[in-house]
Amino acid sequence: MLKLAVFDFDSTLMDGETIDFFAEELGLGEKVSKITEAAMSGELDFFESLQQRVSLLKGLDFSIVEKISHNLPYMPGAKETIAELKKRGMTVVCFSGGFRTATTYAKDILGYDADFSNALHVKDGKLTGLVGGDMMFNFSKGDMLVRLQNILGVSEDETLVCGDGANDLSMFAHAGTRVAFCARDILKKEANIIIETKDLTQILKELD
């Protein structure tokens with residue numbers, strides 16, 4: 001029986017990449033999204049790609065960051081799926097290589113229990129181009145998942161994970177149910193459930 005579900009945020013619970021929305025404000029959308037795509041496909045080290053992308057955001061007003069973070073398009077079925085998993089007695093958590101401005105705000109809207117992500121450094125109301133947090137490395141999600149399993153007393157077989165990119169591979173290594181959601185090939189190879197339509201309720205059909 002499943003007891004823990006961990007979802008990625010960008011391109012999984014949310015339809016798009018938060019950092020790409022920020023970059024568009026500076027006219028750097030295409031440049032940043034190319035780096036994001038390479039990182040998600042496993043062609044770039046996640047830590048290096050995150051530093052590189054965030055550095056390009058230097059000078060962006062934090063008020064704009066918050067406004068964008070609070071108006072993101074959530075994935076169809078996200079709220080319903082989380083509600084149903086919780087009804088089944090599961091703890092639902094979000095792990096994101098993105099940012100707390102988005103994941104913490106979305107927590108109460110989508111209904112998950114906790115979020116672990118990164119924080120953008122802000123000084124004098126503007127982004128400094130620096131970032132820190134829980135989800136900076138390729139290994140971060142797997143590392144945090146194991147810690148969470150130990151705290152909650154949950155086994156790998158009782159764990160479901162869902163993501164779309166290469167930085168989700170480390171958590172796939174520690175879960176019995178591995179959902180690749182509209183994912184890159186590198187992740188599909190490690191999944192035992194593959195969903196190709198942008199509708200998270202498809203997961204529930206696979207679990208019934």
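## Two helices side by side

V32, I35, T36, A39 and M40 in α2 meet F46, S49, Q52 and R53 in α3, a contact being heavy atoms within 4.5 Å. Sorted by class, the residues of this contact come out as five nonpolar, three polar and one charged. Here Ala, Val, Leu, Ile, Met, Phe, Trp, Tyr, Cys and Pro are nonpolar, Asp, Glu, Lys and Arg are charged, and the others, Gly among them, are polar.

Helix α2 covers residues 29-40, and its axis lies 10 Å from that of α3, at an angle of about 170°. Axes are lines fitted to C-alpha atoms, for helices over the stretch in contact, with angles from 0 to 180 degrees between N-to-C directions. The two helices are therefore roughly antiparallel (angles over 145 degrees).

## About the model

This is a predicted model, where local features need pLDDT of at least 70, side-chain atom pairs need 80 or more, and totals for chains, interfaces and linings use all residues. Numbering starts from 1 along each chain as its sequence is written, and side-chain values use heavy atoms, leaving out hydrogens and water.

## A cavity inside

There's one cavity of 30 Å³ or more, meaning a set of points on a 1 Å grid over the protein atoms alone where a 1.4 Å probe fits but cannot get out. The largest cavity holds about 110 Å³ of space. It is lined by 15 residues, and D10, E17, F46, G97 and G98 are the closest to its centre; lining residues have an atom within 4 Å of a point.

Both α3 (46-55) and β2 (91-99) supply at least two lining residues, with β2 giving the most, four. The lining has five nonpolar, four polar and six charged residues.

Notes:
On a 1 Å grid over the protein atoms alone, a cavity is a set of points where a 1.4 Å probe fits but cannot get out, and a pocket is an open set with protein on both sides within 12 Å along at least five of seven lines; lining residues have an atom within 4 Å of a point. Grid points are joined across faces, edges and corners, and a volume is the space filled by probe spheres set on the points. Angles under 35 degrees count as roughly parallel, over 145 as roughly antiparallel, 65 to 115 as roughly perpendicular and the rest as oblique.
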